[in-house]
Amino acid sequence: MRMIKIFDTTLRDGEQSAGINLNVEEKLQIARQLARLNVDIIEAGFAIVSPGDFASVQTIAREIKGVTVCSLARAVKVDIERAWEALKEAENPLIHTFIATSDIHMKYKLNKSPDQVVAMAVEAVKYARGLCPNVEFSAEDATRSDWDFLCRIFGEVIKAGATVINVPDTVGYAMPSEFARLIRYLKENTPGIDKVSLSVHCHNDLGLAVANSLAAVENGADQVECTINGLGERAGNAALEEVVMAIKTRAENFKADTRIVTEQIYRSSRLVSTLTGKPVQHNKAIVGSNAFAHEAGIHQDGMLKNRMTYEIMTPQSIGLSQSNIVLGKHSGRHAVKNRLLELGYNLDELEIEQIYQRFIELADKKKEVTDSDLEALVRNEFQAVADRFELEYLHVSTGNSTIPTATIRLKVDETPVQEASCGDGPVDAVYKAIDRITKLKVKLDEYNIKAVTSGEDALGEVTVKVRENGNAYIGRGLSTDIIEASALAYLHAINKIIRASNK
Ligand code: KIV
Ligand code: ZN
């Protein structure tokens, strides 16, 4: 397996997206997450551009270890000096210098001849190599440049000491087959290319950034430059999460892998979206909220029989806990029955049919049928049997110098029963006291708490997932007192266990 290096430029090209402006602290937070994601290189900014960019590169260079930290620099001395000044304390610094090589850029933007451009590139790389052991050279607008001119300039900068050669599709103009041919051509015709890493940097103007990057990997590229959520100039850059998951999911096709800890992908996407204020589109590959949501009845049925019927990768592989089966008017009986079971309602076929008819009527009026809707349907339909255990009294004593202790009184089939217990914390003490009364062997798998209203008298909602006899049950409790909400959630789940066992 070849290891493809992932060069993340969220903090440089990504930050060049219109409307994004991250401060040093925010960039540092993203850089820490990129280190957890295990990217090979973080392009932390363009040091000469502003004091803020300089400070970001410098702070990341000082603080983030175990990953190469890079700054962009035009092929001029002042830029390179500034980049080095910001980078010099990095464990593994990289100066990334660039100059445009297409006729249109050389003539109209730079007003320089091809020979002058080669001379500037060589001088810049030599100067950068005198300061820093790793130097990347990019030929801006490479895909609209003359291929033989590219081979010439790349050959010259390799002689001057470049360690990485980057081929940007700056304006997102290339087609995958054409980009693949360009990469092969460069590999076959650039002197010294086998001594350096070959990198690609694709923009998404025609929606082909990921396809072009992957075509390059198939044809020998060693490094892909990309951004979280595909942020970047104009339509953005190749999305890191898509490039990485394509290589991972189709490893046999690429005969390659990356060092990315894919379980950190979702967190990285959320963090970048929150800090940049740029939401991720719902149907975005890999990290969109619908990427693992199944709505069609046939799909839900297939998923419940075998997840691989409609999922080519698991939600867990990007750090999500589970796929989301959205109950709506396209859902079939199988999905509804399964959700009812998870909620603790083990109904027979006739009862399922009854509930399903009510469910379809409701789903016609509502986009999504929630768990509480389903529970209400069941209650209405079957006049639910009264809960066996009801909370009557709760007292907890806790603090930083006392052992948390809980006293609980439950009404058990109308008779009050009281117990007390100590615990590792107040919630643990409450749950132990409840266990003493119910005498059930219940394992707490998940405990979540959230505020459902705001202000000092906010309502806290506790959700628990417990396991008994191999079956999982979800319980919810709502109260302004979070300990009481915790007790109610636990009892809610326990009453479901009782109902399921009565059935
Ligand atoms: O798109 C581009 O050409 C760039 C270079 C500076 C690599 O971002
Ligand atoms: Zn770019």
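User: In which helix do Tyr 356 and Phe 359 lie, and how many residues apart are they?

Analyst: Tyr 356 and Phe 359 both lie in helix 14, residues 349–365, and are three residues apart, about one turn of the helix. Helices (H or I, at least four residues) and strands (E, at least two) are DSSP runs, numbered from the N terminus. The model is predicted: local features need pLDDT of at least 70, side-chain atom pairs count only at pLDDT 80 or more, and totals for chains, interfaces and linings use all residues. Residues are numbered from 1 along each chain as its sequence is written, chains are lettered from A and ligands numbered from 1 in the order in which they are written, and side-chain values use heavy atoms, leaving out hydrogens and water.

User: Why is the pair of Tyr 356 and Phe 359 called stacked?

Analyst: Rings of Phe, Tyr and Trp (its six-membered ring) pair if their centres lie within 6.5 Å; planes under 30 degrees apart count as stacked, over 60 as edge-to-face and the rest as tilted. The ring centres of Tyr 356 and Phe 359 are 5.8 Å apart and the planes stand at 25 degrees, so the pair is stacked.

User: What makes the pair of Phe 46 and Phe 98 edge-to-face?

Analyst: The centres of these two rings are 6.2 Å apart and the planes are at 70 degrees, so the pair is edge-to-face. Phe 46 is in the loop between strand 3 (41–45) and helix 2 (51–63), while Phe 98 is in strand 5 (residues 93–100), 52 residues apart. A search of the whole structure finds five aromatic pairs.

User: Why is Tyr 356 called buried?

Analyst: Buried means under 20% relative accessible area, exposed over 50%, and partly exposed in between (1.4 Å probe, protein chains only). Tyr 356 has 9% relative accessibility and therefore counts as buried. Phe 359 is buried too, because its relative accessible area is 0%.

User: How do you know which residues coordinate the zinc ion (ligand 2)?

Analyst: Donors are N, O and S atoms within 2.8 Å of the metal (3.2 Å for Na, K and Ca); water is not among the atoms, so sites may look incomplete. Asp 13 (OD), His 201 (NE2) and His 203 (NE2) coordinate the zinc ion (ligand 2) at 2.0 to 2.1 Å. Asp 13 and His 203 are 190 residues apart and link distant parts of the chain.

User: Are Asp 13 and His 203 buried or exposed?

Analyst: Asp 13 is buried, because its relative accessible area is 2%. His 203, at 4% relative accessibility, therefore counts as buried.
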